[in-house]
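User: I'm new to this one. Can you walk me through the structure?
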Amino acid sequence: MESVYRMRFNSFEHACRVIGRYIHFYNYRRPHMSIGYKIPAVVHLEQGEQKRMWKNKIYPKKQTQNENYVVSLPG
């Protein structure tokens, strides 16, 4: 959480409010590169296939030029 991880909170309630606002911002206002610069709330409602925009850093596989990265979303 880029903007809140260094914050100092006055109380537990203050932390809940600030973090809750940030979570809302993260899901409803902040575009994400890994999902084509869309916001998660919009992508969550989409159906069909999503083009893969992220790399698997844990188990990288050799890529070929003709590979099509597609992720199926439930729907």
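Analyst: First a term we'll need. A residue counts as buried when its relative accessible area is under 20%, and as exposed when that area is over 50%. Also, this is a predicted model.

User: OK. Which residues of helix 1 are buried?
Analyst: They are His 14, Ala 15, Val 18 and Tyr 22. Seen down the axis of helix 1, these buried residues fall within an arc of 100°, so they line one face of the helix.

User: Why would residues with gaps between them point the same way?
Analyst: An α-helix has 3.6 residues a turn, so residues three or four places apart point the same way.

User: What span should helix 1 have, and how far apart are its end C-alpha atoms?
Analyst: Helix 1 covers residues 12–28, which is 17 residues. At 1.5 Å a residue, the span should be 24 Å. The end C-alpha atoms are 24 Å apart, which agrees.

User: Zooming out. What secondary structure does the protein have?
Analyst: Two helices and two strands. From the N terminus on, the order is α-α-β-β.

User: And how many of the residues are buried overall?
Analyst: Of the 75 residues, 15% count as buried. The accessible surface comes to about 6900 Å². Carbon and sulfur atoms account for 55% of that surface.

User: Where is confidence highest, and where is it lowest?
Analyst: Helix 1 is highest, at a mean pLDDT of 93. Strand 2, residues 70–73, is lowest, at 62. The protein averages 79, and 68% of the residues score at least 70.

User: New topic. How many salt bridges does the structure hold?
Analyst: One. Glu 46 pairs with Lys 38, and their closest N and O atoms are 3.2 Å apart.

User: Why can side chains like that pair?
Analyst: Side chains of opposite charge can pair when their charged atoms come close.

User: How accessible is Glu 46? And Lys 38?
Analyst: Glu 46 is partly exposed, with a relative accessible area of 24%. Lys 38 is also partly exposed, at 30%.

User: Last one. Which residue has a positive phi although it is not a glycine?
Analyst: Tyr 37, with a phi of about 60°. Tyr 37 sits in the loop between helix 1 and helix 2 (40–45).

User: Is Tyr 37 buried or exposed?
Analyst: Exposed, because its relative accessibility is 56% and the cut-off for exposed is over 50%.

Notes
Residues are numbered from 1 along each chain as its sequence is written. This is a predicted model: local features need pLDDT of at least 70, side-chain atom pairs count only at pLDDT 80 or more; totals for chains, interfaces and linings use all residues. Side-chain values use heavy atoms; hydrogens and water are left out. Helices (H or I, at least four residues) and strands (E, at least two) are DSSP runs, numbered from the N terminus. The expected span of a helix is 1.5 Å times one less than its number of residues. Buried means under 20% relative accessible area, exposed over 50%, partly exposed in between (1.4 Å probe, protein chains only). The arc is that of the directions from the helix axis to the C-beta atoms. pLDDT is the predictor's confidence in each residue, from 0 to 100. A salt bridge is a side-chain nitrogen of Lys or Arg within 4 Å of a carboxyl oxygen of Asp or Glu. Accessible areas come from the Shrake-Rupley method with a 1.4 Å probe; for residues, only the protein chains shown count as cover.
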